Amino acid sequence: MVLRRQADRDFIRDRFAILRNAIESDVSLNVTGLNISVENFFRDLLNLILDGDFKNLNVDLGNAAAIDLADDTLSHCIQVTSTSEKSKIDKTLKKFVEHGLHEKYDRLSVFIATKKNSYRSPEFSDPTGAFSILARDNVWDWDNIMKMIDDLEQPELSAVRDFVENGIYVEPSKVPQNEVATLFGLMEVLSDETHEQAGKGNSIDPDPNKKIETRFSEHADFLKGEYAAYFVEYGAVLEDAYRGIDLGSARIRRLGLHLGTKSNELLAANDGDPALALNKIVEYYLKILQDHGKASDGGAVRFFLLDQMIRCHVFPNPVLESV
């Protein structure tokens, strides 16, 4: 049995992750501005969550007021930005006061559409000291939005889910298969830096079944060195994930088939060089994870694939025909 509330919440969280990943990708390319369509998405979303009547001021004012959304009834303004630096918040407050908006609106919030920083100061203020905001209450990111959603009654929560489903489109071809979804779950556990087993791995034998030395003898030192290096950070976490996630024999079999087919395809494309093929398969799965807004820790993906290589799911040994 799955609670409708939990299913709605998980769906919203996953779609948010996809949008956040797209915004972060733009930031990495130095595209830091959010266009009108994205601002309007957040306007409509926050109206649902906060039961407000926010308007997009950029439509009428062309960003002259240095704020994006405003609700006159709630006396609340919101700046939506992909930039998390303190200087951006300081600049917003400065212009907020320069335009006299602090005399019209009681509250200003800044929504960071990526991830907010751990700001040293608990409070931000404009240079004149005329207006200030608390980082805890008025600087938001996706975690804050999810907390607001968690507090909604079921009808409102379902309405947000419907809005998000219509507003954040995912191509059908990008919906993960069951075996890839299994990998997603493992990757999310592996990528959790707060996991109690993180960094506690101790690899005595990086190649317990001697597969690397037997099949890839020319690359054995490199592959075993890779495995041993990543095991320290991820080994204990992965073992804990294997124990804690109920994969079932059927899902493990499908996962193995999927990994085997894709890894052998890339091995052949790279002239049988496992080191080159490993780089390519890491890139392949990182792309899938990022397309779905999932945790995309490159080290976690690399260690998982190295571990699956030793388990003969990645670069599986050829099946010998019986005579």
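Predicted model: local features only at pLDDT ≥ 70, side-chain atom pairs only at ≥ 80, totals over all residues.
How exposed is Arg9, and what is its relative accessible area? Arg9 is partly exposed, with a relative accessible area of 23%. Here, buried means under 20% relative accessible area, exposed means over 50%, and partly exposed lies in between (1.4 Å probe, protein chains only).

Residues are numbered from 1 along each chain as its sequence is written, and side-chain values use heavy atoms, with hydrogens and water left out.

**View 1. The whole chain, with its 13 helices and seven strands.** Helices (H or I, at least four residues) and strands (E, at least two) are DSSP runs, numbered from the N terminus. The chain has 323 residues, and 44% of them count as buried. Contact means heavy atoms within 4.5 Å. Among contacts with a separation of 6 or more, 72% are between residues 24 or more positions apart.

**View 2. Helices H2 and H7 pack together.** Two packed helices are described by the angle between their axes and the distance between the axes. For H2 (residues 36-50) and H7 (residues 154-167), the angle is about 170° and the axes are 10 Å apart. That makes H2 roughly antiparallel to H7. Axes are lines fitted to C-alpha atoms, for helices over the stretch in contact, and angles run from 0 to 180 degrees between N-to-C directions. Angles under 35 degrees count as roughly parallel, over 145 as roughly antiparallel, 65 to 115 as roughly perpendicular and the rest as oblique. On the H2 side you will find Phe41, Asp44, Leu45, Leu48 and Ile49, which meet Ala159, Val160, Phe163, Val164 and Gly167 of H7. Sorted by class, this contact has eight nonpolar, one polar and one charged residues. Ala, Val, Leu, Ile, Met, Phe, Trp, Tyr, Cys and Pro count as nonpolar, Asp, Glu, Lys and Arg as charged, and the others, Gly among them, as polar.

View 3. Side chains of opposite charge can pair when their charged atoms come close. A salt bridge is a side-chain nitrogen of Lys or Arg within 4 Å of a carboxyl oxygen of Asp or Glu, and the structure holds 13 of them. In one, Arg161 meets Asp8 at 3.2 Å, N to O. In another, Asp150 meets Arg9 at 2.7 Å, N to O. Asp150 is partly exposed, with a relative accessible area of 33%.

View 4. Lys262 counts as buried at 16% relative accessibility, whereas Glu265 counts as partly exposed at 45%.

**View 5. Asn270 in the loop between H11 and helix H12 (274-291).** Asn270 is buried, with a relative accessible area of 15%. A polar atom of the Asn270 side chain lies 2.7 Å from the backbone oxygen of Leu266. Leaving aside neighbours within four places in sequence, Asn270 is in contact with Leu276, Ala277 and Lys280.

Key:
Polar contact = N/O pair within 3.5 Å; in protein donor to acceptor, adjacent residues only side chain to side chain.
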